[in-house]
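Q: I'm new to this one. Can you walk me through the structure?

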Amino acid sequence: MDPEENRLCEADAMALREVAWDSVREGTRHSRAAVVAVADFSAPLRELGASFVTLRKGAALRGCMGSLEARMPLVEDVARNAYNAGFNDPRFEPVREEEHPELSLKLSVLGAPVPFPVESEPDLLERLVPGTDGLILREGGRRATFLPAVWQSVASPAEFVSLLKRKAGLPRDYWSERLEVFRYRADEY
């Protein structure tokens, strides 16, 4: 399958970004996500979709929240995740209105996660595609993900996986046959 096949057209990407900004503005003014009239958007934005919204203030992360599974129309998912990135990321205080001019926003639209069966950590490290693969690690009640964009801030697949295990609350050198691995792709706007 051609990854470009599922990319949004420029108009749809711009519409999603505007919805995300609307949710951030609505959050500072009324403590809620923007309400979207799903029927008013193009067919691709009305389809079930999963997204992440990342807010930055300068170079610093200011909030990042998202969905790994498509459970609602993409445009609605983006509105909720933009609000959550600005106001419900437990790592940060809620965004204040005076911060708006300093914020930048990145939108990631995720493909469906697919099982990525591996025999061992060296097998995983060898088969990962840096810059392209997003990864989910799951075992028991522990789960963590890194978007493909995280590759921009790590030096190697080993560092990517090590940091992801730490994010999941697992030791960096942890490996188990029960550890489930999923891979996904994401388009960024």
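A: We can go through some helices, a sheet, the aromatic rings and a few single residues.

Q: What kind of model is it, and what gets counted?
A: It is a predicted model, where local features need pLDDT of at least 70, side-chain atom pairs count only at pLDDT 80 or more, and totals for chains, interfaces and linings use all residues. Residues are numbered from 1 along each chain as its sequence is written, and side-chain values use heavy atoms, with hydrogens and water left out.

Q: How many residues does helix 1 have, and how far does it reach?
A: Helix 1 has 21 residues and reaches 29 Å from first C-alpha to last, close to the 30 Å expected at 1.5 Å a residue. The expected span is 1.5 Å times one less than the number of residues. Helices here are DSSP runs of H or I with at least four residues, strands are runs of E with at least two, and both are numbered from the N terminus.

Q: Which residues of helix 1 are buried?
A: D12, A13, L16, V19, A20, W21, S23, V24, E26 and G27 are buried. Buried means under 20% relative accessible area, exposed means over 50%, and partly exposed is in between, with a 1.4 Å probe and protein chains only.

Q: What do they pack against?
A: The buried residues of helix 1 pack against helix 2, strand 1, helix 3 and strand 4. Contact means heavy atoms within 4.5 Å.

Q: What happens just after helix 1?
A: S31 takes a positive phi there, of about 55°.

Q: Back to E26. What is it in contact with?
A: E26 lies in helix 1. Leaving aside neighbours within four places in sequence, E26 is in contact with S31, R32, A33 and A34. The C-alpha atoms of E26 and Y83 are separated by 8.1 Å, and the two residues are 57 apart along the chain.

Q: Now helix 3. Is it mostly covered or mostly exposed?
A: Mostly covered: 11 of the 14 residues in helix 3 are buried. Among them are L74, V78, Y83 and F87. Helix 3 spans residues 74-87 and reaches 20 Å, close to the 20 Å expected.

Q: New topic. What is the order of strands in the open sheet?
A: The four strands have the order 5-8-6-7, with antiparallel pairing. Strand 5 (114-115) and strand 7 stand at the edges with a single partner strand each, so one side of each is left without a neighbour in the sheet. Two strands pair if DSSP finds at least two bridges between them.

Q: How many bridges join strand 5 to strand 8?
A: Two bridges join them, and strand 8 covers residues 180-184. P115 stands opposite F182 in strand 8.

Q: Which helix packs on the sheet?
A: Helix 5 does, touching strand 6 (134-139) and strand 7. The direction of helix 5 makes about 140° with that of strand 7. Axes are lines fitted to C-alpha atoms, for helices over the stretch in contact, and angles run from 0 to 180 degrees between N-to-C directions.

Q: And how many bridges join strand 6 to strand 8?
A: Five bridges, with the strands running antiparallel. L137 stands opposite V181 in strand 8.

Q: How many aromatic pairs are there?
A: Three. Rings of Phe, Tyr and Trp (its six-membered ring) pair if their centres lie within 6.5 Å; planes under 30 degrees apart count as stacked, over 60 as edge-to-face and the rest as tilted.

Q: Why does the F146 and F160 pair get its label?
A: The ring centres of F146 and F160 are 5.4 Å apart and the planes are at 65°, so the pair is edge-to-face. F146 lies in strand 7 (residues 142-146) and F160 in helix 5 (residues 157-167), so the pair ties together parts that are 14 residues apart in sequence.

Q: And W151 with F160?
A: Their centres are 3.9 Å apart and their planes are at 0°, so the pair is stacked. Both W151 and F160 are buried. Ring pairs link F146, W151 and F160 into a cluster.
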